[in-house]
Amino acid sequence: MDLLRGLAIFLVLMNHVNIRLAIGRVPYTHGMPKQLVQSLFWSGQQGVQIFFAVSGFLITSTALRRWGSLSKISIRDFYLLRFARIAPLLLMLLAVLSALHFAGLKDFIVKPKTGGLGRALLAALTFHINWLEATRGYVPANWDILWSLSVEEMFYIFFPLICRIVGGGKWLVALLLGFVVMGPFGRTVFAHNDVWKEYSYLGSMDAIALGCLTAIVVSRFSISRWALRILCLTGVALVAFSICFSLRGEQMGLQRTGLGMSIIAVGACMIVIAAAKTQRQSPVALRSLLNIGQRSYEIYLTHMFVVFVLFDWFVAAGKPMGAVAALFVTVILVSSLLGNVVGRYYTEPVNRYLRNRWGEGANRLGSVVENVA
């Protein structure tokens, strides 16, 4: 799972550096094959889709371990656990962004046409940055990345409520399948503009729902070793096709019908099933990707600071074409380092502190069965 998250954050980082270069009119892709450009520099949305699928699996599988059954999930404890994981870094980010807005830094000012700082803070704290941007226009890039958090956390606000209402059986499965089916429509038929086509709740929740279904499958069914191999190879093929042959997918109408993002989510979930069932370790050669996957949340919420600083230096140096590759590499390395520092010295300690404060011992936070991990 961490390997998939590592791939996802890599694609997002490459995409966001590329966007800065495109805005700065740096023609660094001139002469490169179109598919290579698309795969390396314009696959950020595919990366986020992988994030969603893995997140749905991890949240559901963790809930199953903690409470034994989704029908027994503690709504209070679920919310507290999500708060302990998400809120500390989100609140710190919003505080920093607010300070930079008041300082007048051009890349961080929330313009009046989108409602100003107060409106952006409200949207971030109530998880509708995506809706704000679809109706009023884009907010600054450091705020814009919160669209995916808006989708994810809105799903998890209702997830424990639905589990308690309908139980963890066939009705929950049917509801999750409904999200899967409606996902492509959310990206096409129900998308009233280009922003909503990529940022809508319905158009993104299908991947999360697929991840939830994957966790249910893993918990309930035994799968033979040969079947796991087939699942893994098929999943890798689907993810590779979605990223490496995306232009071919467009020609086949996958993007027009909204199925392109569904395919990469399905592929990611197939890989997750194989990984969860076999517990196989990642190859040593991919250890770096694994490491950034383990800090994907911290890297995701902080990387735009690195992108802006390094890109400003690149511009100040005269936009040297020979330094473009170094810019990409440095952004990835520094963002990974920053994410690790933030995780080790801030989010992890605060997470532990909040969990310890809210529950200890036999009745500790999130526990309802004795053998919960």
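Let me begin with Val-218, which counts as buried because its relative accessible area is 17%; buried here means under 20% relative accessible area, exposed over 50%, and partly exposed in between, with a 1.4 Å probe and protein chains only. The structure is a predicted model, in which local features need pLDDT of at least 70, side-chain atom pairs count only at pLDDT 80 or more, and totals for chains, interfaces and linings use all residues. Residues are numbered from 1 along each chain as its sequence is written, and side-chain values use heavy atoms, with hydrogens and water left out.

Val-218 belongs to helix H11. By helix I mean a DSSP run of H or I with at least four residues, while a strand is a run of E with at least two, and both are numbered from the N terminus. Setting aside residues up to four places away in sequence, Val-218 touches Phe-57, Ile-273, Ala-276 and Lys-277, where contact means heavy atoms within 4.5 Å. By contrast, Ala-84 is 134 residues from Val-218 along the chain, and their C-alpha atoms are separated by 26 Å.

Helix H11, residues 202-220, also holds Cys-212. At 1% relative accessibility, Cys-212 is counted as buried. Beyond its neighbours within four places in sequence, Cys-212 is in contact with Gly-56, Phe-57, Thr-60, Phe-155, Phe-159 and Leu-176.

I turn to the cysteines. How many disulfides does the rule give? The count is zero, a disulfide being a pair of cysteine sulfur atoms within 2.5 Å. For Cys-212, the closest cysteine sulfur is that of Cys-163, at 7.8 Å, which is too far for a bond. For Cys-244, the closest cysteine sulfur is in Cys-232, and the distance of 16 Å is likewise too far for a bond. Cys-244 is partly exposed, with a relative accessible area of 39%.

A search of the whole structure returns one cavity of 30 Å³ or more. A cavity is a set of points, on a 1 Å grid over the protein atoms alone, where a 1.4 Å probe fits but cannot get out; lining residues have an atom within 4 Å of a point. The largest cavity holds about 70 Å³ of space, a volume being the space filled by probe spheres set on the points, which are joined across faces, edges and corners.

Which elements give two or more residues to the lining of the largest cavity? They are helix H12 (225-244), helix H13 (246-251) and helix H14 (259-278). H14 gives the most, with three residues. By class, the lining has five nonpolar, six polar and no charged residues. Here Ala, Val, Leu, Ile, Met, Phe, Trp, Tyr, Cys and Pro count as nonpolar, Asp, Glu, Lys and Arg as charged, and the others, Gly among them, as polar.

H14 itself is mostly covered, with 14 of its 20 residues buried. Its 20 residues should span 28 Å at 1.5 Å a residue, and the end C-alpha atoms lie 29 Å apart, which agrees; the expected span is 1.5 Å times one less than the number of residues. Just after H14, Gln-279 takes a positive phi of about 55°.

Finally, His-101 lies in helix H4, residues 75-103, and counts as buried at 16% relative accessibility.

Notes. On a 1 Å grid over the protein atoms alone, a cavity is a set of points where a 1.4 Å probe fits but cannot get out, and a pocket is an open set with protein on both sides within 12 Å along at least five of seven lines; lining residues have an atom within 4 Å of a point.
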